[in-house]
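Please look through the model shown below with the charged side chains in mind.

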Amino acid sequence: MDYQNDKLEKKKPNRRSIILGLLIGLIAGIGFGFALDSLPIGIALGLSIGAALSTNKLRQKPPMKIARNDMIRILIGLALYMIGILGGITWSDAVSDRSMQIIAASLPILPGIFFVYAVGKAISNLDEMQRRIQTEALAIAFAGTFLVTQSYGLLGEVGIPQVSWVFVPLVMVFFWMVGKLWLMRKYQ
Amino acid sequence: MNNKLRVLRAERKWSQAELAERLDVSRQTINAIETDKYDPSLPLAFKMANLFNLSIEEIFFPKDI
């Protein structure tokens, strides 16, 4: 047994990482769908990104071991959130009454809160260094999103075309992932 | 902060994964501590000291010493 230095070895992508990548892609796809005004193109784009993530970045043996229950909770939250978004879009398109449209558009809020709770719970169950990585990654995501949205907002004042608010969480997730990958490398 | 965690682990012929399991942390955490990239919290340092039957000062020491 090599007890001198156990390097994190690579292994083939497992089913869980592929499913997770595809789910991330589906969520991103819905965002892209809003932004590009074409849900099928958005979902196709998002699924491609998710598949690429799952077979490339997630191929590394995950050093952050999320407990099975936490992972199940996150996946349920993610699934409910997606159902909420798709249901909300479908319902708001189907009704003509303004107040019903507002209720329909608010449909993803509750599953969204549950999803945030599930992610928070999973982070709190990580060990101390992994929690630190996540916290620092969230700080990077906050700073990056702040800079991008503020800069783009100011550029909008001088005529740069405005984009949908749906892009904001995508920018945040992007910086969170970039920050996490960088910090995992830093502490490896 | 420097430490002699790797030496203590090697003396017992434990892998990083084995030590991580005994301390209820990830292997990445053990690796980061051994390579001086991460300083553990006081509760984890006490847990390590308890596991090796040593005091914290016998495992961890400032870099300039």
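Over all chains, the structure holds six salt bridges, a salt bridge being a side-chain nitrogen of Lys or Arg within 4 Å of a carboxyl oxygen of Asp or Glu. The model is a predicted one, in which local features need pLDDT of at least 70 and side-chain atom pairs count only at pLDDT 80 or more, while totals for chains, interfaces and linings use all residues. Residues are numbered from 1 along each chain as its sequence is written, chains are lettered from A and ligands numbered from 1 in the order in which they are written, and side-chain values use heavy atoms, with hydrogens and water left out.

| Salt bridge | N to O distance |
|---|---|
| A:Arg73 and A:Asp70 | 3.0 Å |
| B:Arg6 and B:Glu34 | 3.1 Å |
| B:Arg22 and B:Glu18 | 3.9 Å |

Both A:Arg73 and A:Asp70 lie in helix α3 of chain A, three residues apart, where a helix is a DSSP run (H or I, at least four residues) numbered from the N terminus. A:Asp70 counts as buried because its relative accessibility is 3%, buried meaning under 20% relative accessible area, exposed over 50%, and partly exposed in between (1.4 Å probe, protein chains only).

Which residues does B:Glu34 contact, leaving aside its neighbours within four places in sequence? They are B:Asn3, B:Leu5, B:Arg6, B:Arg9 and B:Gln16, a contact meaning heavy atoms within 4.5 Å. B:Glu34 is in helix α3 of chain B and is buried, at 8% relative accessibility, whereas B:Arg6 is partly exposed, with a relative accessible area of 25%.

In chain A, helix α6 (residues 128-157) has 30 residues and reaches 43 Å from its first C-alpha to its last, close to the 44 Å expected at 1.5 Å a residue, the expected span being 1.5 Å times one less than the number of residues. Its buried residues include A:Ile133, A:Ala137 and A:Ala141, and the cover over the buried residues of α6(A) includes α5 and α7 (167-187) of chain A together with α3 (27-34) and α4 (42-52) of chain B. Just after α6(A), A:Gly159 takes a positive phi of about 100°.

Finally, A:Ile72, A:Ile76, A:Leu80, A:Ile83, A:Phe114 and A:Tyr117 form a nonpolar patch on the surface, with about 540 Å² of accessible area together. Such patches are made of residues with over 30% relative accessible area and no salt bridge, with like charges joined within 9 Å and nonpolar side chains (Val, Leu, Ile, Met, Phe, Trp, Tyr) within 5 Å, and accessible areas come from the Shrake-Rupley method with a 1.4 Å probe, for residues with only the protein chains shown as cover. Helix α3(A) gives the most to the nonpolar patch, with four residues.

Technical notes: Helix = DSSP H or I, 4+ residues; strand = E, 2+ residues; numbered from the N terminus.
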